[in-house]
Amino acid sequence: MSYGLLAGKKGIIFGALDEQSIAWKVAEKAAAEGAQIVLSNAPVAMRFGKIQELGEKLNAPVIAADATSMDDLKQLLEQSMTHFGGPIDFILHSIGMSLNVRKNKAYTELNHEWMLKTFDISAISFHKLMQTAYHLDAVKDWGSIVALTYIAAQRVFPDYNEMAESKALLESFARSFGYHYGVKKKVRVNTISQSPTWTTAGSGVKGFKTFFDYADTMSPLGNATADECADYCVFMFSDLSRKITMQNLYHDGGYSSMGINPSVFNEE
Ligand SMILES: NC(=O)c1ccc[n+]([C@@H]2O[C@H](COP(=O)([O-])OP(=O)(O)OC[C@H]3O[C@@H](n4cnc5c(N)ncnc54)[C@H](O)[C@@H]3O)[C@@H](O)[C@H]2O)c1
């Protein structure tokens, strides 16, 4: 069902790789709610992913940008403003990648060069994006910027590895930049802390099925799906969430508030 929540709004959505991607679902829902979209992803994703397919379906331009490159981000924002005929209303940062996870390095054996690259892609890119937008004045007053995160920023999930620190950094950038962007332009900045979700990035984490099943059993409402995350993002881009900023918002079926759930031990 569509409510027209984003009628007339314009946004950039990073990170749609394939139909499983959370960003893919967000792009579809945002368009269904009346938004005009520009899609972006890393140049390599243009070759291996299906983003062009999504662009055709939603009639959305697809602009390649490595989110770690200030030049690429500047070009993307300038081209998007040209396309839309002015500044934008919302941005989704749905980007994550860990070299140490990809190469199966244990947390106690990390390659620190790779760790820095992981931080750059998964967290510092968020600061780079906001700093670029801030200086280009690319986001309208009361605009909304959202990044996706995971509860490993607060609690220990050993196999999430260095992505835990990436997410802690990402959430901190949302708070700190949220202050500056709020003062300057009333722009809102938040992170959504999503349940484990079956995607390329998610399923790359060792033991992901255990992560997923445990969270699903612990959460009174069960895990939040990618579609449900997209609904939450639409709300955060809409005018209904105008005074929410600098928050880390759990979207996890109640998981983050649980201590013990007898269901885990089949003791319902
Ligand atoms: N899947 C989960 O369980 C889960 C849970 C909580 C949060 N998240 C977060 O959601 C976000 C989206 O991940 P997803 O699960 O949809 O997986 P995904 O693999 O579909 O998306 C990750 C995206 O990051 C992009 N990316 C990687 N390096 C990039 C770069 N240098 N520049 C630009 N883009 C780059 C990839 O191309 C891909 O599109 C990530 O931040 C992830 O950490 C995922």
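**A walk through the chain**

Trp142 sits in strand β5. The model is a predicted one, and in it the phi of Trp142 is near 65°, a positive value in a residue that is not glycine. Most residues other than glycine have a negative phi. Trp142 counts as partly exposed because 13 other C-beta atoms lie within 10 Å, where a buried residue would need 20 or more.

Now to the chain as a whole. Its secondary structure comes to ten helices and seven strands. The C-alpha atoms fill a box of roughly 55 × 45 × 40 Å along the principal axes. For 268 residues, a compact globule would have a radius of gyration near 18 Å, and the protein chain agrees because its own value is 18 Å. Of these 268 residues, 46% count as buried.

Next comes the interior. In soluble globular proteins, nonpolar side chains tend to be buried together. Here the largest nonpolar core has 62 residues, and those that touch the most other members are Ile13, Ala27, Ala30, Ile37, Leu39 and Cys233. Apart from this core lies another, of 13 residues, including Val101, Tyr150, Ile151 and Val205. Which residues does Ile13 contact, leaving aside its neighbours within four places in sequence? They are Ala23, Val26, Ala27, Ala30, Ile37, Leu39 and Leu92.

Helix α6 covers residues 112-136 and bends by about 50° at Ile124. Its buried residues are Thr118, Ser122, Ala123, Ser125, Phe126, Leu129, Met130 and Ala133. An α-helix has 3.6 residues a turn, so residues three or four places apart point the same way. The cover over the buried residues of α6 includes the helices α4 (70-84), α5 (99-102) and α7. Strands β4 (88-93), β5 and β6 (188-194) are also part of that cover. Just after α6, Asp137 takes a positive phi of about 50°.

The ligand comes next. It is surrounded by 27 residues, and the closest are Ser21, Gly96, Thr199, Ala201 and Gly202. By type, the shell divides into 14 nonpolar residues, twelve polar and one charged. Helix α1 (22-32), strand β5 and helix α8 (200-203) each supply at least two residues of this shell. Which element gives the most to the shell? It is α8, with three residues.

Several loops also deserve a look. Asn161 lies in the loop between β5 (139-149) and α7 (163-185). Is Asn161 buried or exposed? It counts as buried because it has 22 C-beta neighbours inside 10 Å. Beyond its neighbours within four places in sequence, Asn161 is in contact with Ser98, Asn100, Val101 and Tyr107. One of these, Val101, is also listed in the core of 13 residues. Met70 is 91 residues from Asn161 along the chain, and their C-alpha atoms are separated by 27 Å.

Asn223 lies in the loop between α9 (208-218) and α10. This residue is buried because 23 other C-beta atoms lie within 10 Å. Leaving aside neighbours within four places in sequence, its contacts are Ser195, Pro196, Phe212, Ala215, Asp216 and Gly253. Asn223 and Asn100 are 123 residues apart in sequence, and 26 Å apart in space from C-alpha to C-alpha.

The loop between α4 and β4 holds Gly86. Why is Gly86 called exposed? Gly86 is exposed because it has 10 other C-beta atoms within 10 Å, and the limit for an exposed residue is 12 or fewer. Between Gly86 and Leu129 there are 43 residues of separation in sequence and 17 Å in space, C-alpha to C-alpha.

The last stop is Met246, in the loop between α10 (226-237) and β7 (248-251). Met246 has a positive phi of about 60° although it is not a glycine. With 17 C-beta neighbours inside 10 Å, Met246 therefore counts as partly exposed.

Key. Residues are numbered from 1 along each chain as its sequence is written. This is a predicted model: local features need pLDDT of at least 70, side-chain atom pairs count only at pLDDT 80 or more; totals for chains, interfaces and linings use all residues. A nonpolar core is a set of buried Ala, Val, Leu, Ile, Met, Phe, Trp, Tyr and Cys residues joined through C-beta atoms within 7 Å. Two residues are in contact if their C-beta atoms, placed from the backbone, lie within 7 Å. Helices (H or I, at least four residues) and strands (E, at least two) are DSSP runs, numbered from the N terminus. A residue is near a molecule or strand if its C-beta atom, placed from the backbone, lies within 6 Å of it. Ala, Val, Leu, Ile, Met, Phe, Trp, Tyr, Cys and Pro count as nonpolar, Asp, Glu, Lys and Arg as charged, and the others, Gly among them, as polar. The bend at a residue is the angle between axes fitted to the seven residues ending there and the seven starting there. The radius of gyration is taken over C-alpha atoms; the globule rule is 2.2 Å times the number of residues to the power 0.38.
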